[in-house]
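My notes follow in the order in which I looked things up.

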Amino acid sequence: MTAEEIIEKLKASLPDAIQDTALPQGDAVIFVAPENLQEVAGFLKNDASLKFDYLSDVCGVDYLIEEREPRFETVYLLYSIDHQHSIRIRVGIDEENPSVPTVSELWKGALYPEQELFDMFGIHVEGHPKMERLIMPKEWVGHPLRKDYPLTTETVAFSHNRDYKSELVKSKPPTR
Amino acid sequence: MSVTEQGLLERDKDTMTLNMGPQHPSTHGVFRVILEMDGEVVRTAEPEIGYLHTGIEKTSENKRYGHVIPMTDRLDYLNPPGNNLAFCLATEKLIGVEIPERAQALRVIMCELSRIASHLVWLGTHALDIGAMTVFLYCWREREMILDLNEEISGVRMMTSYIRIGGVAKDSTRPWLDGIRNFIDYFPAKVDEYEKLLTKNPIWVDRTQGIGVLSREEAINWSLSGPALRASGVNWDIRKSQPYSGYEKYDFDIPVLKGGDIYDRYRVRVEEMRQSRRIIKQAMEKLPTGDFKAPDNKVSLPPRETLHTSMEALIHHFKLVSEGISVPKGETYVPIEGARGEVGFYIVSDGTNVPYRVKLRAPSFMAIPGMCQMMTGCYIADVVGIIGSIDIVMGEVDR
């Protein structure tokens, strides 16, 4: 199916669950609220003509600097091996107690990237069997890929270009 | 005969925890796995990653687009041009720039050479893990030729950064093209030689056949990709299904096998080396003439000689070097077929010269849970074989 057909079909089948759709550079993109994610994901996987059986990745984005509501977003990249088409699900997540339901019951490949979401963005994935740090050490404080987490806090003894470097760091200083 | 069906669960408390890695030579980097052993049999395998975390995604959010490319080399350090290409394709998709045919062909040659080099490293180390020393030396000998070619074209042996936004870093040179012609004539006999050493070798077959099996459905569900997925009977190669850089113009086959075990992964990769050589041969035969980078001076640097005569070229040169490329607002994802599977960059741009978010879809990272799934129920001696057969690179796992 082409990207337009996929979006048309989703709009017709799940009119309440889909918030918005877009076609940037010809890719099918749908916007879904966190509470509807599992319903939409289940439909995408199990519908015979869509059959998105392969989860490429789950990405997190922090839109703090853009100052848009909601602050966080998780992006699910899906692909159908039989039909050779793809779709992106974008899920906006509020700043207060960020949480999103898991899709790992549909695609086991989501277990690792969802754990990374928690590690790097502090987004709690509901229903995930192992909600703990993946890449950072267990005792680490903060979530490195958030935009209010500075690029570096390491003190360097001798640095001739410290001012230049602090210019480069666009992030706001940490609040803690 | 499945090992788990031998009444092992009866002796419930009689297990031993065995730590493997991160300083284990067979884990191919700093991968750590905590094995719960029941005698010689693995009950559970708990992966532990993060020892090579370098924060490349975070650093990328503070660098200009052009400056991200050398960092992508260091993600999957055995297949740098593949990472370069994935990042450049995603950026180019946002900018909407057309890449000249010659640049596309040079990109394909570079990527396929590096796929061969990467598979040679895999074959050598994988065979060494299982106990075949000679193959390792042979593979390194051929890989050396590819590294010399890399040095000729880019000045660097491994971290080439050859593929740039808008094209490639420089045009092909005569010694490079001659070297590739030599290599494609020389290489097929060498692949046969590796196969002679391994494919029907009873020790190799005993150690690999029927071990680490993952069915078609499981492999898809665990998000395996590339050769590991094709060895489980899934006919999916991004070069065929979503062609990029002119792959649709080349005639090549996708090896697909049904066993899903270590042996089939080995045979898929060996056949892929032959197919890559075929692609390089065709690309060399019909290497188009023309530019090696897009003529759009907002994206790629103007030719050096025009700087002395053209004011616009000088301004463009200055702006590109001092400011970098400004990418229109938007977000995109482009997958390519790397040596280990689907490599893709999800890029969010806020309209400036610095990417807002860069996310790598790393095939090794996604394959680790599935790999540990394969380990449950196998013998301890087969764990190294399974790790080797998935061909993980920790640079892209921890990023």
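I began with the second largest cavity of this predicted model, and listed its lining as Leu224(B), Ser225(B), Pro227(B), Ala228(B), Arg269(B), Arg340(B), Pro363(B), Ser364(B), Ala367(B), Ile390(B) and Asp391(B). Checking which elements give two or more residues to this lining, I found helix H9 (227-230) and helix H13 (363-375) of chain B. The largest share, 3 residues, comes from H13(B). I then sorted the lining of the second largest cavity by residue class and got 6 nonpolar, 2 polar and 3 charged residues, around a volume that I noted as about 60 Å³.

I next took the whole structure, where the search finds 6 cavities of 30 Å³ or more, and turned to the largest cavity, which holds about 90 Å³ of space.

For the lining of the largest cavity I wrote down Tyr77(B), Leu78(B), Pro80(B), Ser114(B), Ala117(B), Ser118(B), Val121(B), Arg143(B), Leu147(B), Asn150(B), Arg157(B) and Met158(B). The elements that give two or more residues here are helix H4 (101-130) and helix H5 (133-154) of chain B, and I noted that H4(B) supplies the largest share, with 4 residues.

Technical notes
Residues numbered from 1 in each chain as written. Chains lettered and ligands numbered in written order. Predicted model: local features only at pLDDT ≥ 70, side-chain atom pairs only at ≥ 80, totals over all residues. Heavy atoms only, no water. 1 Å grid on protein atoms, 1.4 Å probe; cavity = no way out; pocket = protein on both sides within 12 Å on 5 of 7 lines; lining within 4 Å. Points joined across faces, edges and corners; volume = space filled by probe spheres on them. Nonpolar A, V, L, I, M, F, W, Y, C, P; charged D, E, K, R; others polar.
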